[in-house]
Every structure is written in structure tokens, then in C-alpha cells.
There are 2 protein chains.
Amino acid sequence: MRALEADVVVVGAGLAGLSAARRIKQAGREVVVLEARDRVGGRTLNEPIGDGKIVEIGGQWVGPTQHRALSAIEDLGLETFPTYGEGRNLFERRGRIRSYRGTIPKLNPLALAETGVVIARINRMARGVDPEAPWASPEAGRLDSQTFASWIGRHVRTAAARDLMKLAIWAVWAAEPEDISLLHVLFYVRSAGSFEDLIDTEGGAQDARVVGGAQLISLGLADALGDSVELSSPARRIEHRPDSVAVASDAVTVTARRAIVAMPPVLAGRLVYDPALPSIRDGLTQRMAQGAVVKCMAIYPEPFWRAEGLSGQVTSSDGPVSVIYDNSPPDGSPGVLLAFLEGRAARRASGLAAPERRELVIGCLRRFFGDRAGAPDAYVEKAWPNDEWSRGCYGGFMPPGAWIENGPALRKPIGPIHWAGAETAVVWNGYMDGAISAGERAADDALSALAG
Amino acid sequence: MRALEADVVVVGAGLAGLSAARRIKQAGREVVVLEARDRVGGRTLNEPIGDGKIVEIGGQWVGPTQHRALSAIEDLGLETFPTYGEGRNLFERRGRIRSYRGTIPKLNPLALAETGVVIARINRMARGVDPEAPWASPEAGRLDSQTFASWIGRHVRTAAARDLMKLAIWAVWAAEPEDISLLHVLFYVRSAGSFEDLIDTEGGAQDARVVGGAQLISLGLADALGDSVELSSPARRIEHRPDSVAVASDAVTVTARRAIVAMPPVLAGRLVYDPALPSIRDGLTQRMAQGAVVKCMAIYPEPFWRAEGLSGQVTSSDGPVSVIYDNSPPDGSPGVLLAFLEGRAARRASGLAAPERRELVIGCLRRFFGDRAGAPDAYVEKAWPNDEWSRGCYGGFMPPGAWIENGPALRKPIGPIHWAGAETAVVWNGYMDGAISAGERAADDALSALAG
């Protein structure tokens, strides 16, 4: 076993870990990053599709209020381009497909009015949640005692508006309304700004894409870190004393003064800690689970739907594919349709053999875009729940009761161990932007401790 | 690293693992049990208090329908004795202490009537749940979409009956009503028989105790297994092929044809599996968390409360101590009061320093039993959430949404790996009885596979 020394050891070379490491290096401190995979980028991942082009089978979008992500992109000399959105979107519900423009599909006027009221109500409730400490918000106990499904059941009357809310939970949390605490939904909305910030394409979280793929951010950060990043080195054990820490991976052991664990809580909970961690932290890792996404890309000679006046954007409350986007490269060639399986549909599809999963997804694409969609030139996908180093996407969610009891452990350092990862972010929790700010916050805390 | 071979390797020497190992050995197969601790018994634990006497700071009770537990006790030549229950019980609510006899405290007639109706309703709903497959029960989706707190909020009107239901959740699940899926509550009730079976002392789950302490069951089973039990050998990694398995612990590696993992799902999820496990199983280990209990025993020269006509049994919906029992040895000497912190109170108290926790508990005992209770000769306790090899008690619970998606993975073998532990039991899930039947069921499955 090789042995290394550093001021700070970072566990995980996703956006959070790499952002932390960059800041530590910029402060003139020695850093080593341990990464389980043979690549960096965590839940961002480019897949080459020939001709020097890629598709992203992990996180990809940035929005106008995601300042940390946008400045990381700018710092690295990368560029963004708008998500394709010209033409009509499609919405499927109870076997019927309608076309529409904008974010909210055409529904009957009553359901449409109610959807607006419900979103306004969620935004209003979310403004009462402190994103730094959701557990200390007024009425936190009541908000954390119920699932979002229970809240919908009591406060949303029309079936169509209920279906839209379910779709929003799939699209944003990659989980089911019954999985998630109402307080978690409100925290997440508050952390992003508003419900619309989460669900909107133009002006929202799906506004723009990174030319060359979002994994370039991580690749750029890693490049600047040089040989400080140790790939194929899954961390297994963290021995910690008040002012020192030793992290043992399969390939190398790093001794340092501080550690930053930049992983989702559930995966961080699977490391061995010596001494064992306080129960409030352990309980957090028992309860905050990861959402489930299968991200699929069908590649065609051209984006044929554009000529038909379609944006390629689809939402379906029937599923199993819940959300579709035109995910073609900036120059529109080749044509790429991105299909998401989310929540229960993703959990189920993750258990299928790859050919069956493909058939399921292509069948959905054909339903919306006709026979041409049924014969892609290529098909690539990633079932994130099956990936042992992520075990889900987009991010972690809290079931009822967890925020108020275990929330205080989410970011609180334990001895020399700091916690990062998108799940620990206060702003844009669960997003690339949140991962970056979480890494930087943990790095600042570690640097303060080193200086102190 | 020592290397051993066996037909079956069992991970965990609690009641489930030891019961599995006994059955495998009885079938003439070679077995090795790997245990993380330097003792057997898992969540059962005797603590000597002098004069050859003990108190149990882990699981202790058996009830008349717990046939597996009772026959294990009989097989080992052990005896039971009735839980002390003579005299009046105390019930505290909203600052007022009342005395009563039987299981249900004196309340106003309306609340008392409603409590009866609510319990009958829970029993009726529970009869509709298939304990082998709760996810396939009629209306499973609806029942699993809400917390038990939401169900109480909608179906229980009087404040006193609500407080009693909360107390029952503390006492049985060691969690809060908002933590648990309604479907999980119903499954658990069904698995035990009825709500009364869970909460009753006489005739219920708290009916009787084991002379010498319940850990004697595990110690007896381990004794018969001789040097097949490897202590201080925490399993870390399971490499599995269709017909073979290698389990690496810190002390020894065991190669076998089948493995039985006899641990709570969340702890089983913290081992490294090669190849990685299917996502439905991994998701189960992300979502099924452990309840929280601090079990405390105050020891007095004699059970002075008996002379005052008190049974020593207390329930308090005010907390932090929620349940108290007279836990004196069969001969009534010394006098022992057992105090439980459960659910949130236990999670919070687990984060306190031991002296503060003691003060908290003794303060509660003094409230009910006067100044003499404030000066015990000795005080012993166990904060189970802090124990890294249990990380909670009494058992695991499902938050909303987990049973219907991940439930099918609870017992389903993966290649050569079988799953045991009280959390996998169909009858008396979460109890010593369930642990024994779970171990025996996993052993039978493994033996069938060996013969096949």
C-alpha cells in the first residue's frame, strides 16, 4: 500500500470534491483526492458518440441563478448554449397526448388555475423554511411529519393538477411523492429559489448546457490538480483523531490534518470510521436515500422532430419515461433525444436487462415522435441506481422525520472530518451548483481549521 | 489473515445468525460464524450487577405466542418467569400522573372509547396485510404513501387517544409516528398477531422474562457451536459467484458455498459486495433505518415501590423516559427499575455525555417513585444508537414508499447470499422470536441450495 501525506485529504472526485481540492490548493496547502472510479466527475459523465461529439449521461444543465456553476464554467474557459426549446412541447396524461408551449401543459381551466395556486402556495411555504437549518423553521415538526403525497392528497383537488405535481416530483427529485417529506420539498424549493426555478427550462434549472458536456468542468478542475487525484482508489476506512486523519483506500493511504468527505450521506455512511461516528450523523446516513434515474439517449441522423415544429420536450404522467428533451449538440447534429426514467419507473427499470430497458424507452419515444424515433442509429444509457459509486441520482432526499432529527448532522464537522457533496448544499441543493458551493464551503472550513 | 472453509458462512452472531448456524450444524454441514464483537448475542446483552445476578440492557421479553423463542429457551434448559405486574401502574400525560390497572391507562371516557375503536381499526386493517409480501397487499400503495402520524392526524380525534398512539409507537417501534409508513405499522401488527399482542405485558410481547437473562439463549447456542464462532471478526467484504462466496473480516477470511448475512439491512448495506448488489436490494439498505432506544437500569436495595402497591410499570407521553418496568430478578432482590428512552428522546439522549443522560433518566424515575428512586445503588445503561454494531434498536422500520419498492428484496437471496436478522421475519418481525425464525428460514434455504 502506498502512503501519502497532505494537509487535506478529499474523498470523492465529483464536482464537490474537486471544487474543495481546487480551493485548498489555491490556498497553498497540499491536497490529495481519493476517487473510487477510474475517472473524475461523479454524477457527471460524458459519453463519446463519434465525430468528437458526446452526450451526457449524467448531470448536464445550468440555470441563470446558478452562479457558482456558471463561474466555474467561465473560469475554465468553457461555454454554455441554450437548451433547445423551439416549437411545441408534448404532454401526455391518461393516454392522451397534447401539445403546448411554455412550462405548464394545457389542462382544463380549473386544473390549470389550481396548479397555479398550488405552486404559489408551495413557494409561500418554502419562504418560511431556513435553508441553513430546515429543522429550526417554524412548524418544522408539522411539515416533516408528512409525505408530499399526503400534502397533495389534502390540498390538491383536481386529478390533473395532482398528476402535474407527481410529475414535478419525478422530474426534480427522481422519487415518488410518498417517498419525500413535505419539509424536504419545501427546503429544496427554497434552496433553488422557487418551484419555477426548479421546473423551468428557459430561465430555470434546465436553461442551458455546457458545450462539450458538463463533465468538462470536473475534467478541467482535475487537470489543474495534476497528480493530486488518485483514481481507482475507493476509500474504505477513516481513522480520525482531533487533529489528524488517515484515510485508507484500496490503493493508497493518505494521512492528513483534515478530511473532506464529498459523497452522498448514504455512501459516506458505508465507510468504516474509527472511532465510530456519533449516532446523529450515523442516523442521517441511515435515512437520507438517493433518488433514482435512468438517463437514456437515442441518437438519430438529425433532429427530425424540429422540422415538425416540435421542441422535443415531453412530459408524461403516464410514464414509464416521464421527461424527454432534445439533447442534440449545439450544431443540431446528430439529433439526440434524451429520455428520463425517474423514481419508481427508474427503480424498476434498473432491475431489467439492458435490452429490455432499451425497448421500454424506445417504445415511449415512438409514442411521441413516431416510427422514426423507433430506429435510432445508437442508444446509450446509464442506470444510476446500479452504479455502486453513486447508487442513485439526481440527489439525496429526506423521508419524513429525518430533517428534524438528523438534519443538524448534515454539514457539522466531526473532529477533523468535514462533509461536502451536493446533498450538503444550502443553495441549489442537489445540483452541480450546489456541489461546487458545498466543496468550497467545506474547503474554507478545513482551511480555517488548519490556520487556527 | 487466517483462512477457513465451510459449507456455509454466517455473518453475525446474534440470535438470527446463531439459530441459522445451529440448524446448519444439525444438518451435518460445516459452518463458520463471523461476529464483529467480542461477544455473541447481538441486541441481547446481560450486564452483571454482583452476587451472580444480571440485568439485561438489550432485548429481554418473550410472549406466549412467540413459539420459536419459547422452544429455543426450552431446548437450552432455560426457564422463564412472569414480568412483575402486581399493583397499580402509572400513566403520565401533560404533567399529570394517574394510576391504573391493565394495559390502557385511565382517560376520559371519550378518549378511552376512541382508543378502543382506533386499535380495533388498526387490527382490522392489519388483517388485510400479507406479512410475507406487504407490498402486494390490497391498497398497499395507499397505505405506504403516508406516515403513521398523518393517519393519526386524520383518524384520531381526541388529544388523549393521539398521545396514547404516539406512546405505542415509541414503545413498539422506538421511533416517532412521523418516521414510519402506515403500511409498516400494519405489517408489524399483523406479524405479531394484533396491536394488543405488541403492547400488552401479561399475555403480550412483554409477558415473561428469561431466568438469568435473555442473552443466555445466544450464549447457549454459541456454546453448542464451539469454535465455529469467530469473535472480534467484523465482516467487511463479500465476494460472491453463483455457487461460492468468500467473506473477508478483519481477522479471518471464510470461503463457503453459501453465506447467510444476519444483520439489519442498513448494516448489511455497509459491507462491500463484489460484484455490487442489484439496486432494489441496495435501495432497501438505503431506506430501512433502525429505531432508537436507550435502555437504562437503576438498581436499589429492594423494590420499594412494591410495598407502596405500585407495579413499577409507567408509561409517559411527556417523556423523555416513555416506559418504565420493574425489572428486578425473579427473587425480587435487588430492586431494579428499567427505564426506556425511545425514538426522538433516545436519539437526543444518545448524543449526551453519560452523566447527563443518567441525570435525565434518574430525574424521571424520581418523578414517579419519589426521592428513594433518586439515589440508586447502581445505574447501568446502553445507548444502542451509539453501538456501531447495532446502530439502533429494537429493530428496523420502513419510511413511506420503501415497502412497495424495496420490500421484495428483504429476503430474496442474491446468488449464494441469504438474508436473515429479525428485520426479515414474517412472524414477530423485530423480536427475538422473529430473529430465530429468520435464521432458521435462511438456514433451510441455504441447506436446500447445498443439496440441490
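These are my notebook entries on a few spots I looked up in this predicted model.

**Entry 1: domains of chain A**

Next I went to the second largest pocket, which has a volume of about 480 Å³. I counted 20 lining residues, and the ones nearest the centre are Ala149(A), Ser150(A), Gly153(A), Glu178(A) and Ser145(B). Three helices of chain A give two or more residues each to this lining: H5 (148–155), H6 (159–173) and H13 (344–350). H5(A) gives the most, with 5 residues.

What classes of residue make up the lining? I got 5 nonpolar, 4 polar and 11 charged residues.

Why does this pocket lie between domain 2 and domain 3 of chain A? Both domains give residues to its lining, so that is where I place it.

**Entry 2: Thr147(A)**

I then looked at Thr147(A), in the loop between helix H4 (140–143) and H5 of chain A. Buried or exposed, I asked of Thr147(A)? The relative accessibility came out at 0%, so Thr147(A) is buried, the cut-off being under 20%. The side chain of Thr147(A) reaches the backbone nitrogen of Ser150(A) at 3.0 Å, and Ser150(A) is one of the residues nearest the pocket centre. Setting aside neighbours within four places in sequence, I noted contacts of Thr147(A) with residues of chain A, including Pro177(A), Glu178(A) and Pro400(A).

**Entry 3: the E20–E21 loop of chain A**

Asn327(A) is in the loop between strand E20 (321–326) and strand E21 (335–342) of chain A. With 2% relative accessibility, Asn327(A) counts as buried. Leaving out neighbours within four places, I found it touching Gln60(A), Arg209(A), Met297(A), Val336(A) and Leu338(A).

Pro334(A) lies in the loop between E20 and E21 too. The peptide bond from Ser333(A) to Pro334(A) is cis, with omega near -5°.

**Entry 4: over to chain B**

I looked up a cis bond in chain B as well: Gly319(B) to Pro320(B), with omega near -5°. Pro320(B) is in the loop between strand E19 (310–316) and strand E20 (321–326) of chain B.

Then I picked Met432(B), in helix H16 (residues 432–451) of chain B. Met432(B) counts as buried at 9% relative accessibility. Beyond neighbours within four places, the contacts of Met432(B) include Leu15(B), Trp61(B) and Ala214(B).

**Entry 5: positive phi values**

Last, I checked two non-glycine residues with positive phi. Phi of Arg94(A) is near 50°, and Arg94(A) lies in the loop between strand E8 (88–93) and strand E9 (96–100) of chain A. With a relative accessible area of 57%, Arg94(A) is exposed.

Phi of Ser232(B) is near 50°. I found Ser232(B) in the loop between strand E11 (229–230) and strand E12 (235–241) of chain B. At 43% relative accessible area, Ser232(B) is partly exposed.

Methods
Residues are numbered from 1 along each chain as its sequence is written. Chains are lettered from A and ligands numbered from 1 in the order in which they are written. This is a predicted model: local features need pLDDT of at least 70, side-chain atom pairs count only at pLDDT 80 or more; totals for chains, interfaces and linings use all residues. Side-chain values use heavy atoms; hydrogens and water are left out. On a 1 Å grid over the protein atoms alone, a cavity is a set of points where a 1.4 Å probe fits but cannot get out, and a pocket is an open set with protein on both sides within 12 Å along at least five of seven lines; lining residues have an atom within 4 Å of a point. Grid points are joined across faces, edges and corners, and a volume is the space filled by probe spheres set on the points. Helices (H or I, at least four residues) and strands (E, at least two) are DSSP runs, numbered from the N terminus. Ala, Val, Leu, Ile, Met, Phe, Trp, Tyr, Cys and Pro count as nonpolar, Asp, Glu, Lys and Arg as charged, and the others, Gly among them, as polar. Domain bounds come from an automatic or database domain assignment. Buried means under 20% relative accessible area, exposed over 50%, partly exposed in between (1.4 Å probe, protein chains only). A polar contact is a pair of N or O atoms within 3.5 Å; within protein, one must be able to donate a hydrogen and the other to accept it, and residues adjacent in sequence count only if both atoms are side-chain atoms. Contact means heavy atoms within 4.5 Å.
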